[in-house]
Amino acid sequence: MKKIFLTAAGFAMLCRINAYAQVMKTDTAKKVFSLAEPPSTADNSGYQTKPLRVEEVNLVSSYYLQNGNHSAVTGGIGTEHVTDLSNGINLKLVWTGPGQHKNTIDAGLGFDHHTSASQAFINKSGASSTGGSRIYPSVDWTSENEKKGTSFGVGTYISSEYNYRSIGADLHFSAKTANKMGEFGVKLQGYFDQVRLIYPSEFIPTSTTTTTGGATVITTASGRTSTLSADGSETKSSIPSSPRNTYSASFSYSQIINPRLQIMFLADVVTQNGYLSLPFHRVYFNTGRDTIEHLPSSRFKLPLGFRANYFLGDRIIIRTYYRFYTDNWGTHSNTINLEVPVKISPFFSIAPFYRYYDQTAAKYFAPYEAHAPTDTYYTSNYEYAQFHANFFGAGIRLSPPKGVAGWQSLHELELRYGHYQQTTGLASNVVSLSLGFK
């Protein structure tokens with residue numbers, strides 16, 4: 001496992017950003033941001049306001065390494081070697097406004113860079129680029145009425161990489177029961193994506209050049225057009241893309257049974273439509289001829305989950321989770337997760353975890369050279385195959401009262417390692433480091 005990297009440059013500056021917002025015009029409007037708790041103000045109506053402050057900043061970095069031998073790019077055979085380096089920063093801003101509403105803004109920015117050995121074979125000669133990057137900013141605002149036990153919020157999300165664009169938005173609401181022992185939550189999400197139509201090299205035409213009305217139009221192998229006008233100006237189009245939309249509604253209900261036991265029920269309803277295949281995934285028929293993956297243009301998913309956390313004394317927590325999943329492509333799966341954080345001291349804990357997963361194959365999946373040309377839909381992507389998987393590892397967490405390594409602002413450090421093994425032969429390792437600042 002290679003070492004992990006952490007992007008911390010500029011963080012010290014962030015901790016000293018002078019940020020301020022005020023819902024009422026008071027003398028505190030001249031105050032600047034401080035990591036210390038700012039003073040509250042009150043007006044004659046009886047409510048108090050607290051100015052905007054940075055409550056927490058989190059830096060997360062991870063390194064992922066994967067190996068396998070069933071790449072979808074080469075029709076279910078070939079290397080699945082992947083590396084991925086991910087870095088992200090999340091800022092949590094809070095303030096209290098009129099009516100004692102606590103407002104929270106979570107702003108995040110992530111950046112990944114990956115290498116994929118199979119990506120080279122989009123061009124059959126193995127000459128395609130093996131690397132790629134993705135950037136994904138997000139922001140979420142939540143307003144909480146602590147007196148009534150309700151909250152409401154909205155969020156948005158953008159993700160961009162060379163062959164994929166995604167824009168998402170959500171609405172979320174929660175309400176506690178009268179005795180504050182239970183809470184119901186609902187979240188509505190929509191993702192509006194564009195899949196760039198990048199095909200394997202054997203399925204793209206050669207470049208063509210035509211002349212129309214004095215303009216020369218060059219259509220490249222990727223589908224881009226370049227138009228050279230008679231006056232010498234040039235315009236270029238982007239690679240053609242196809243839309244993919246995802247809509248989901250998530251429901252949850254949590255209940256405190258007693259001081260030691262908490263439970264939660266979860267349910268999601270997800271529907272997708274649009275271009276759900278990937279254009280650079282090959283399928284080899286039993287005749288030896290190859291084509292590109294072809295899947296239905298709609299999909300319905302239904303995951304149902306249950307969580308239970310039990311506090312076994314003051315030092316041990318038993319966290320359990322079970323999820324059943326089904327969809328109309330014929331896949332059913334079960335997930336069982338167990339994590340047991342153990343507090344070694346008031347400021348140090350270790351948390352081993354284990355997850356078991358199994359799924360049935362989608363009805364459109366078949367391995368290399370097993371599909372017939374008469375099939376309506378076909379894929380050799382092992383994501384849709386039948387398999388069992390195990391994922392296990394452990395995490396350690398430090399939260400000394402004087403800060404990690406004596407740095408008062410660095411209140412928490414968490415390091416986690418996990419190993420994943422699939423019965424298809426796919427295996428991966430991941431290391432992540434999280435630093436929490438206040």
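Predicted model: local features only at pLDDT ≥ 70, side-chain atom pairs only at ≥ 80, totals over all residues.

Colleague: Is Thr 246 buried or exposed?

Modeller: A residue counts as buried when its relative accessible area is under 20%. Thr 246 has a relative accessible area of 13%, so it falls under that cut-off. The word for Thr 246 is buried.

Colleague: Which side chain makes a polar contact with the side chain of Thr 246?

Modeller: Leaving out residues up to four places away in sequence, Thr 246 touches Gln 189, Gly 190, Tyr 191, Val 270, Thr 271 and Gln 272. Val 270 lies 24 residues from Thr 246 in sequence, with 7.2 Å between their C-alpha atoms. The polar contact between side chains, at 3.2 Å, is with Gln 272.

Colleague: And Arg 299: what is its polar partner among the side chains?

Modeller: Arg 299 sits in strand β17, residues 298-312. Its relative accessibility is 9%, and therefore Arg 299 counts as buried. Beyond four places in sequence, its contacts include Val 270, Thr 271, Gln 272, Tyr 325 and Trp 329. At 2.8 Å, the side chain that makes a polar contact with the side chain of Arg 299 belongs to Asp 327.

Colleague: Stepping back, how many strands does the protein have?

Modeller: The protein has 438 residues, and 39% of them count as buried. Its secondary structure includes 1 helix. The strands number 24.

Colleague: Which residue of β4 is the bridge partner of Leu 91?

Modeller: Strands in a sheet pair through backbone hydrogen bonds, in a parallel or an antiparallel way. Here β3 (residues 82-97) and β4 (residues 101-116) are antiparallel, with 16 bridges. Their hairpin has 3 residues between the strands, and Gly 99 in that hairpin has a positive phi near 75°. The bridge partner of Leu 91 is Ala 107.

Colleague: How many bridges join β7 to β8?

Modeller: Let us follow the chain. Strand β6 (residues 150-161) pairs with β7 (residues 164-176) in the antiparallel sense, and a hairpin through 2 residues joins them. β7 then runs antiparallel to β8 (residues 182-196), where His 172 stands opposite Lys 187. The number of bridges joining β7 to β8 is 13.

Colleague: What are the edge strands of the open sheet of 4 strands?

Modeller: The order in this sheet is β9-β10-β11-β12, with antiparallel pairing. An edge strand here pairs on one side only, which is how these two are picked out: β9 (208-212) and β12 (234-236).

Colleague: Within that pairing, which residue of β12 stands opposite Thr 227?

Modeller: Strand β11 covers residues 225-228 and runs antiparallel to β12, joined by 3 bridges. Opposite Thr 227 stands Thr 235.

Colleague: Where is Glu 369 found, and what is its phi near?

Modeller: Most residues other than glycine have a negative phi. Glu 369 has a positive one, and is found in the loop between β21 (348-359) and β22 (387-398). Glu 369 is partly exposed, at 35% relative accessible area. Its phi is near 60°.

Colleague: One last one: is Ala 405 buried or exposed?

Modeller: Ala 405 is in the loop between β22 and β23. Ala 405 also has a positive phi, about 60°, although it is not a glycine. A residue is exposed when its relative accessible area is over 50%. Ala 405 has 82% relative accessibility, so it counts as exposed.

Technical notes. Residues numbered from 1 in each chain as written. Heavy atoms only, no water. Buried < 20%, exposed > 50% of the residue type's maximum accessible area, 1.4 Å probe, protein only. Polar contact = N/O pair within 3.5 Å; in protein donor to acceptor, adjacent residues only side chain to side chain. Contact = heavy atoms within 4.5 Å. Pairing = 2+ DSSP bridges.
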